[in-house]
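Reader: I would like to go through some of the labels used for this structure and ask what stands behind each of them.

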Amino acid sequence: MARRRQLYEGKAKILFEGPEPGTLVQYFKDDATAFNAQKKGTITGKGVLNNRISEYLMTRLMEIGIPTHFIRRLNMREQLIREVEIIPLEIVVRNVAAGSLSTRLGIAEGTRLPRSIIEYYYKNDTLNDPLVCEEHITAFGWAATQDLDDMVALALRVNDFLTGLLLGVGITLVDFKVEFGRLYENDEMRIVLADEISPDNCRLWDSKTGEKMDKDRFRRDLGKVEEGYQEVARRLGILPEAGVRDLKGPEMMQ
Ligand code: C5P
């Protein structure tokens with residue numbers, strides 16, 4: 001890791017300069033945080049699993065025409081991505097009431113929503129990522145109306161596709177968070193899916209038992225956190241080849 005210039009360190013990932021201009025290397029850590037980093041911990045093997053799960057889901061999404069920043073996985077903990085200008089919004093799509101929606105509006109967790117609901121949060125740690133509406137987004141210039149329309153359309157396509165894919169392996173996609181970036185290419189700008197899609201930013205419940213297989217196991221001290229992430233990978237048929245013993249993964253393996 002020492003040989004590349006580090007550009008940014010977040011709570012769960014590190015970004016390094018990529019091998020070619022316009023590329024970055026995204027490194028997945030085992031660190032876990034919740035409630036805006038008030039709760040901190042380590043989930044052994046999380047980085048390896050999220051790298052693999054996010055690669056798998058982004059690849060499937062690209063196959064149906066969703067533009068993403070993903071280029072290819074490099075090794076157990078790293079993937080090559082396109083450099084984008086991150087839009088400072090977290091787009092949350094919800095199918096079933098849970099988490100902050102249940103708390104804020106008093107709707108029991110597990111209630112199926114009458115239709116998928118989209119929410120916007122302003123990415124700002126100091127302010128605790130507040131819920132915002134379209135007026136704030138366009139008035140303060142975080143995204144133009146057209147950008148927002150593109151993000152909503154993409155987020156809903158991601159939701160439709162992932163809901164079906166996950167249901168096929170017995171998982172209910174309760175909700176998830178995605179981030180988008182602006183990709184500049186040949187004097188043109190495109191909105192593309194960025195960041196990651198993994199059990200860190202989705203709620204994934206066993207369709208039959210309702211058992212949680214996502215970061216809520218960590219947030220709510222439910223135990224068996226690694227096992228939840230592993231079970232998602234196992235059902236998707238992508239557990240690392242060497243099995244669960246290999247989840248620490250080598251630091252570098254190019
Ligand atoms: O906490 P809340 O119910 O608003 O979370 C909705 C969804 O967004 C959950 O799947 C959660 O994992 C994800 N999320 C996230 N990063 C945040 C906040 C929420 O990935 N900062």
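Reader: This being a predicted model, what makes Thr 68 count as buried or exposed?

Author: The relative accessibility of Thr 68 is 7%, and because buried means under 20%, Thr 68 counts as buried. Thr 68 lies in the loop between α1 (46–63) and β6 (70–73), where it touches Met 58, Met 62, Val 192 and Leu 193, leaving aside residues up to four places away in sequence.

Reader: What does the side chain of Thr 68 reach, and at what distance?

Author: The side chain of Thr 68 reaches the backbone nitrogen of Phe 70 at 3.0 Å, and a polar contact is a pair of N or O atoms within 3.5 Å.

Reader: Why is α1 called roughly parallel to α6?

Author: The axes of these two helices, α1 and α6, come within 10 Å and cross at roughly 30°. Because angles under 35 degrees count as roughly parallel, that crossing makes α1 roughly parallel to α6. On the α1 side the contact is made by Lys 46, Leu 49, Asn 50, Ile 53, Tyr 56 and Leu 57, and on the α6 side by Glu 226, Tyr 229, Gln 230, Val 232, Ala 233 and Leu 236.

Reader: How do you know that the span of α6 is close to the expected one?

Author: Helix α6, residues 225–236, has 12 residues, and from its first C-alpha to its last it reaches 17 Å, which is close to the 16 Å expected at 1.5 Å a residue. After α6 comes Gly 237, whose phi is positive, near 75°.

Reader: Which residues of α6 are buried, and what do they pack against?

Author: The buried residues of α6 are Val 225, Gly 228, Tyr 229, Gln 230, Val 232, Ala 233 and Leu 236. These buried residues pack against α1, α4 (145–167), β12 (171–185), β14 (202–206) and α5 (216–219).

Reader: What makes Asn 186 count as exposed, and what is its phi?

Author: Asn 186, found in the loop between β12 and β13 (188–194), has a relative accessibility of 74%, and since exposed means over 50%, Asn 186 counts as exposed. Its phi is positive, about 45°, although Asn 186 is not a glycine. Most residues other than glycine have a negative phi.

Reader: Where is Asp 129 placed, and what is the value of its phi?

Author: Asp 129 is in the loop between β10 (112–122) and β11 (131–132), and its phi is near 45°, a positive value in a residue other than glycine.

Terms used. Residues numbered from 1 in each chain as written. Predicted model: local features only at pLDDT ≥ 70, side-chain atom pairs only at ≥ 80, totals over all residues. Heavy atoms only, no water. Helix = DSSP H or I, 4+ residues; strand = E, 2+ residues; numbered from the N terminus. Buried < 20%, exposed > 50% of the residue type's maximum accessible area, 1.4 Å probe, protein only. Polar contact = N/O pair within 3.5 Å; in protein donor to acceptor, adjacent residues only side chain to side chain. Contact = heavy atoms within 4.5 Å. Expected span 1.5 Å × (residues − 1). Axes fitted to C-alpha atoms, helices over the stretch in contact; angles between N-to-C directions. Parallel < 35°, antiparallel > 145°, perpendicular 65-115°, else oblique.
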